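Welcome, and thanks for taking a look at this one with us. Below is a short tour, topic by topic, to read alongside the viewer.

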Amino acid sequence: MSGTKPDILWAPHQVDRFVVCDSELSLYHVESTVNSELKAGSLRLSEDSAATLLSINSDTPYMKCVAWYLNYDPECLLAVGQANGRVVLTSLGQDHNSKFKDLIGKEFVPKHARQCNTLAWNPLDSNWLAAGLDKHRADFSVLIWDICSKYTPDIVPMEKVKLSAGETETTLLVTKPLYELGQNDACLSLCWLPRDQKLLLAGMHRNLAIFDLRNTSQKMFVNTKAVQGVTVDPYFHDRVASFYEGQVAIWDLRKFEKPVLTLTEQPKPLTKVAWCPTRTGLLATLTRDSNIIRLYDMQHTPTPIGDETEPTIIERSVQPCDNYIASFAWHPTSQNRMIVVTPNRTMSDFTVFERISLAWSPITSLMWACGRHLYECTEEENDNSLEKDIATKMRLRALSRYGLDTEQVWRNHILAGNEDPQLKSLWYTLHFMKQYTEDMDQKSPGNKGSLVYAGIKSIVKSSLGMVESSRHNWSGLDKQSDIQNLNEERILALQLCGWIKKGTDVDVGPFLNSLVQEGEWERAAAVALFNLDIRRAIQILNEGASSEKGDLNLNVVAMALSGYTDEKNSLWREMCSTLRLQLNNPYLCVMFAFLTSETGSYDGVLYENKVAVRDRVAFACKFLSDTQGSPLDVLKDERVQYWIENYRNLLDAWRFWHKRAEFDIHRSKLDPSSKPLAQVFVSCNFCGKSISYSCSTVPHQGRGFSQYGVSGSPTKSKVTSCPGCRKPLPRCALCLINMGTPVSSCPGGTKSDEKVDLSKDKKLAQFNNWFTWCHNCRHGGHAGHMLSWFRDHAECPVSACTCKCMQLDTTGNLVPAEAVQP
Amino acid sequence: MELHILEHRVRVLSVARPGLWLYTHPLIKLLFLPHRSRCKFFSLTETPEDYTLMVDEEGFKELPPSEFLQVAEATWLVLNVSSHSGAAVQAAGVTKIARSVIAPLAEHHVSVLMLSTYQTDFILVREQDLSVVIHTLAQEFDIYREVGGEPVPVTRDDSSNGFPRTQHGLSPTVHPIQSPQNRFCVLTLDPETLPAIATTLIDVLFYSHRFPSDLLLTSSSGELWRMVRIGGQPLGFDECGIVAQIAGPLAAADISAYYISTFNFDHALVDMKHREVKCLAQCHTAGQCGTRIPKEG
C-alpha cells in the first residue's frame with residue numbers, strides 16, 4: 001500500500017464486490033462473462049469473469065491498512081489506518097442510509113502520531129475496531145475504538161491547526177479509545193479471537209500477546225519473532241498462524257508456549273498469510289516478488305494437543321498469473337475462490353482446485369472426491385463392454401466357483417460360462433492330465449504321475465535317449481516328411497493334448513471324428529493334415545462345406561489344398577504362402593503354412609497364437625526333435641506363487657471370503673506346504689502354554705496346531721482346564737462358564753436362527769464354541785455368545801469395561817460379498 | 001520488567017562543526033541508505049558546539065579519522081527496558097526508569113549515557129561495566145542479552161565477576177544547568193516516507209535550519225518541550241550519577257522527560273506544561289543558567 005503495493009479485499013457480504021487499495025480505494029464489481037461479451041471498460045479477471053470499476057475514493061491519503069466493516073449495514077464502510085496512526089472511516093459508493101452518515105469521515109486519533117500497522121473489526125461487536133500502532137516511548141500501541149462513541153469537540157480547534165488545509169469543519173475526531181493496551185511496545189498485527197468478544201491476539205514487537213479486555217492489566221504472552229500477520233483459523237478457533245520473514249508459525253492457543261509447528265522456510269520474506277474461509281485447514285501464503293501462492297493443507301492434522309508429533313501437511317502451490325503478486329484475498333463464500341492483484345493492478349480471479357483423490361473399488365466402479373463433491377463413475381450397462389473387462393470376468397467366474405470343481409475338472413470351463421474355446425481347451429487338457437495321472441498311479445505308483453503335471457516339455461525330456469526322426473509317407477500323396485518316432489513319452493504328450501485316445505492306439509481318427517461331430521471342420525482338417533493325411537483333410541473340408549452350419553468356402557479351401565505340389569518354385573506354393581495370411585480361420589492358415597514351409601522349420605504353425613496351445617504342442621511333438629532342458633516344479637515358480645497370492649488377495653478384496661477359503665482348502669490338498677500356519681494361539685493365563693498344545697494326542701511337528709479354540713470334536717471340547725497345568729480356563733464373559741464347555745444354547749437366540757437348516761446349524765454350533773476375544777480389552781468368550789451380544793451392543797459385555805470392541809473391528813461389520821450377490 | 005542488552009557495540013564520537021564537510025557523505029549514507037552499510041545503530045545530535053554521533057562498530061568504519069573527529073575510548077553497550085505489565089504508567093521515558101535503572105547504576109558507579117527517542121529510551125553503558133550492570137539490575141529485571149536477534153536470558157551467576165565495587169552515594173558534583181527559552185517538538189517519521197523527504201532532511205541537517213511542518217508525526221496534544229542542558233564544562237565519560245541527578249527529581253515529581261547525552265554535555269527535554277525548570281532549578285541552586293542558547297531544532 002501507500003502507493004507501492006496494492007492490497008485487495010473482498011466485501012464481506014456483497015460477494016461480487018471487492019476493493020483494491022493503494023494510494024486510493026477502488027471498488028469493483030465482478031460479473032460473469034460466460035454468456036456475454038466483455039463490456040467496454042471492464043477488466044478481465046478470468047476466462048469467465050470481468051470486473052467493472054464502480055467508484056474510487058481518494059479521500060484518505062497515507063493509507064497503511066484497510067479493514068472492511070463486518071456488519072451487513074452499511075455495506076461499504078471501511079476503516080483506513082493512516083501513516084500518522086489515525087483511523088478514518090470512509091465509504092465507497094453511495095450509502096444513503098442517514099443512520100450511518102455520521103460515521104463517514106469520523107477519525108480516531110492516537111495521542112502520539114505514528115504509523116498504524118493493522119486494523120481489526122471485532123466479529124462479535126461490530127462497533128469495535130482495534131488498531132495496532134508503532135511504538136512510542138510513553139504511549140500505547142493497541143487502541144480499541146468504539147466507532148459509535150461521541151467525539152470530543154474540545155480538541156477539535158487545536159487539531160484543525162495541525163491538519164492539512166483540505167480538512168473541513170465537519171471532521172469528527174475521537175481521541176478517547178475504549179481500551180489502550182501495550183504500552184511502550186509496537187503492535188504489528190492483530191486479530192480478535194472468536195472465542196470471546198473481549199479477547200484480542202496481537203503480534204507485538206517481540207511477542208504474541210493475548211489481551212483480555214475484561215482484565216486489561218493481565219495478558220498472556222509468548223516471546224517469538226513470528227509476530228506478523230496473526231490470523232485465526234476460522235474453522236478451528238484455537239489455531240493461529242503468524243509469520244516472521246520467510247517462516248510461518250502455527251500456534252495452538254491451548255498450548256501457547258511454542259508453535260505447534262513451523263512451515264518450511266521460504267527464501268523470501270512473506271507478505272501475507274490467510275486461512276481459507278470456505279475450507280478447513282487450508283492456509284495460503286505469499287512471499288515478496290513471487291508469482292505463486294503456496295497452500296498448506298492441514299486438513300488431516302490431528303489435534304496437536306497432547307503429543308509432540310508434528311502433524312502432516314500437504315504443501316502445494318498455485319500460479320494464478322505470470323506477474324508477481326502484490327496481494328491476494330480469499331472469497332468469503334465461494335469455495336476455494338481467490339482474487340489476486342499484481343503491483344501494476346492487474347487482477348485475476350481463480351479457484352484453487354482441490355486435490356482429487358481417486359479410488360478403484362475391487363469391483364469395477366471408480367470414485368473420486370474433489371472438494372465437497374464425491375463422484376462415482378459407473379460403467380454403462382453395456383454387456384459387451386462388461387464382458388471385455390477381465391476384472392468383471394474374473395469376478396463372475398469366481399462367483400460361480402470357477403476352478404473349484406476339482407473332481408470333474410473339465411466342468412470348470414462351463415462354470416466360466418462355456419464361451420471361451422481356449423478355456424475349454426485348457427480345462428480339457430487339465431482333465432486329461434488328471435486322468436492320466438490317476439491311471440498311471442493305478443498302474444505303477446511311481447514318479448510318472450507327477451510328471452504329467454510338470455508339462456509336456458518335461459514329459460518329452462524325461463525319455464531316455466534321443467528320439468530319432470524317420471521319414472514317413474504321406475497318405476494319398478507321393479511325398480515324405482520327417483516325423484519324430486513316437487516313443488512312450490511322446491505318445492503320452494499327444495494323449496495329453498487330446499489328439500490320441502488313452503491306450504496303445506496312436507490313431508487320430510477318433511479325435512478327428514469327434515471334432516467333425518462338433519463342427520470344428522477346420523481344426524479337424526488341420527489335424528488330419530498334420531498327420532500327413534491330406535485326403536482326409538480334404539474330405540473333412542468337403543463335409544464341412546456341405547453341412548448346414550458350415551461355410552461353403554471350405555470347398556474352395558479343399559480345392560486349393562488338393563492342388564498341393566511339392567515343387568519348390570511352383571505358382572501354387574508362391575500364391576499359397578502369401579494368400580494364406582488373408583484366411584480368417586487360424587487352422588486353415590496354418591495348414592497352408594505347413595504345406596508351404598521348408599522342411600524342419602514350422603514357425604508359421606508354432607507361432608500362430610490363435611491355434612490352441614495343445615494343438616501346437618501336439619504338432620511340435622510330432623515334428624520337432626528334442627532339445628535339452630530340465631523339468632521344473634511349476635508350483636515352486638515364483639511367478640506362480642505370486643499369481644496364487646494375488647488371486648487370494650483379490651478374492652479377499654471382493655469379500656469372497658468363502659471362495660477364498662474353498663480355494664485354500666483345495667490348494668492345501670494338492671500342496672500341503674501351503675497350509676497356513678496357525679496365527680492365533682490361546683495360551684493359559686497361568687502357565688503360558690498353549691491350551692491346544694496337548695489337546696491333540698497325535699504329536700504335531702514343531703508347534704503346529706490343528707486350530708485354535710476347541711476344534712470340532714465334542715469330546716475334546718469338554719476340556720475346561722489347561723492341559724498343561726490343570727488350572728481352569730477363563731470364563732465366557734456372558735455365560736460365565738469356563739471356556740472349553742460346549743455352548744448349551746444361544747442366549748437370546750434370534751428368530752433367524754430357527755430358520756437356518758440343520759446342517760448349517762451344526763457347523764455354526766461348532767464355531768459357537770470357539771474362543772473369541774477383543775484384542776483391545778482382552779475380554780471375550782464363546783464365539784456364539786459374543787456374536788449374539790454384539791448384534792445388539794457396541795460395548796464390551798464385561799460390566800465396567802467401556803471398550804467399544806465391535807467398532808474396533810474394521811471388518812467385523814462387513815458382509816461376505818457372496819451373501820449379497822445373487 | 002525486562003532489560004534487554006542489545007547487540008550493538010556502540011562508539012561515541014564528536015565531529016567538530018568546521019569538519020562537517022568531511023563527514024557529510026558518510027553521514028548521509030548512514031542516515032538515508034541504511035541498507036548500504038551494515039550499521040544498525042545510528043544517532044546524530046547537533047548542538048551549538050559539535051555533532052555527536054553514536055554509531056555501532058559497522059557504522060564507525062564508515063567514518064574516516066581526521067583532526068575534527070574525537071572518539072571516546074570506550075565501547076558502549078545499549079540497554080533497553082521493556083515492560084510487559086499492562087498497568088498504565090503516566091510518566092514515561094527517563095522518568096520511568098529513573099528509580100529502577102538510573103539510580104542503582106549511579107550508586108554502583110556506572111557511568112551511563114542516555115538517548116531518548118520518540119519510541120523508546122536507550123541507556124548506554126561501557127562494555128567493561130556490563131557485569132556490574134547485570135549484577136546491579138538482576139534483582140529488578142529479567143535480563144536478556146540479544147544474540148543473533150534472539151533474546152537469551154542472562155543469569156546472575158555469570159555476572160558476579162568484578163563485583164562488588166565500593167558503594168558511594170550520588171555524585172557530589174552538582175553541574176550547572178541552562179534552559180534556553182526556545183521550545184522543542186519531538187517528532188517521528190514513517191520510514192517509508194524517508195525517500196520523499198530526504199532532500200529536505202539533508203537541507204535541514206547540513207545546510208539550513210528550517211524544518212518542514214507537515215511531514216513529521218508528533219503527539220496529537222501538540223505538546224512542546226523545553227530543553228535543559230547539564231554541564232558547564234564538558235562532562236567527560238567517567239563521571240557517574242549525572243543522569244540520576246536530573247532523573248531523580250523528575251521522577252519524584254512524575255514528570256515525563258527525554259534525555260539525550262552528547263559528547264560534551266547532557267540534555268533533558270521536559271514537558272513545558274510542567275514547570276519543570278523550576279523544579280530542576282530548585283535542585284540545582286548552585287547552577288548557572290543560560291550561558292549559551294542551543295541551536296533551534
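Let's begin at a pair of cysteines: the sulfur of A:Cys735 has its closest cysteine sulfur in A:Cys732, 3.7 Å away, which is too far for a bond. Please keep in mind that this is a predicted model.

**Cysteines**

- The cut-off for a disulfide is a pair of cysteine sulfur atoms within 2.5 Å, and by this rule the count over all chains is zero.
- A:Cys735 is partly exposed, because its relative accessible area is 27%.
- A:Cys576, at 11% relative accessibility, counts as buried.

**The two chains at a glance**

- Chain A holds 23 helices and 36 strands, while chain B has seven helices and 14 strands.
- Of the 822 residues in chain A, 46% are buried; of the 297 residues in chain B, buried residues make up 54%.
- How much of the contact pattern in chain A joins residues at least 24 apart? Taking contacts between residues at least 6 apart in sequence, the share is 50%.
- For chain B, 78% of the contacts between residues at least 6 apart in sequence join residues at least 24 apart.
- The accessible surface of chain A is about 43300 Å², and carbon and sulfur atoms account for 53% of it.
- Chain B exposes about 13700 Å², with 52% supplied by carbon and sulfur atoms.

**Strands and sheets in chain A**

- Four strands of chain A form an open sheet in the order S19-S20-S21-S22, with antiparallel pairing.
- Strand S19 (228-232) and strand S22 (261-262) of chain A are at the edges of this sheet; each has a single partner strand, so one side of each is left without a neighbour in the sheet.
- Within the sheet, strand S20 (residues 239-244) and strand S21 (residues 247-252) of chain A are joined by six bridges in the antiparallel sense.
- Elsewhere in chain A, strand S15 (residues 187-192) is mostly covered, with five of its six residues buried.
- S15(A) runs antiparallel to strand S16 (residues 199-204) of chain A, and five bridges join them.
- S15(A) and S16(A) make a hairpin with six residues between them, and A:Ser189 stands opposite A:Gly203 in S16(A).

**A helix and a loop in chain B**

- Is helix H4 (residues 130-137) of chain B largely enclosed or largely exposed? Seven of its eight residues are buried, so H4(B) is largely enclosed by the rest of the structure.
- The buried residues of H4(B) are B:Leu130, B:Val132, B:Val133, B:Ile134, B:His135, B:Thr136 and B:Leu137.
- B:Asn264 lies in the loop between strand S13 (257-261) and strand S14 (266-271) of chain B.
- Although B:Asn264 is in a loop, B:Asn264 counts as buried, because its relative accessibility is 16%.
- Leaving aside residues up to four places away in sequence, B:Asn264 touches B:Asp50, B:Gln233, B:Pro234, B:Leu235 and B:Gly236.

**Salt bridges**

- Over all chains, the count comes to 37 salt bridges.
- A:Arg214 and A:Asp212 meet through their side chains in a salt bridge (2.8 Å, N to O); A:Arg214 counts as exposed, at 51% relative accessibility.
- A:Arg523 and A:Glu520 form a salt bridge as well (3.6 Å, N to O). Here A:Arg523 counts as buried at 7% relative accessibility, whereas A:Glu520 is partly exposed, with a relative accessible area of 27%.
- A:Glu645 and A:Arg667 form a salt bridge in which the closest N and O atoms are 3.7 Å apart. This pair links distant parts of the chain, 22 residues apart: A:Glu645 is in helix H17 (residues 638-653) of chain A and A:Arg667 is in helix H18 (residues 657-670) of chain A.
- A:Glu645 is partly exposed, with a relative accessible area of 30%, while A:Arg667 counts as buried at 14% relative accessibility.
- Both residues belong to a network of salt bridges that links A:Glu645, A:Arg648, A:Asp652, A:Arg660, A:Asp664 and A:Arg667.

Methods
Residues numbered from 1 in each chain as written. Chains lettered and ligands numbered in written order. Predicted model: local features only at pLDDT ≥ 70, side-chain atom pairs only at ≥ 80, totals over all residues. Heavy atoms only, no water. Helix = DSSP H or I, 4+ residues; strand = E, 2+ residues; numbered from the N terminus. Buried < 20%, exposed > 50% of the residue type's maximum accessible area, 1.4 Å probe, protein only. Contact = heavy atoms within 4.5 Å. Areas by Shrake-Rupley, 256 points an atom, 1.4 Å probe, with all protein chains shown as cover. Pairing = 2+ DSSP bridges. Salt bridge = Lys/Arg side-chain N within 4 Å of Asp/Glu carboxyl O.
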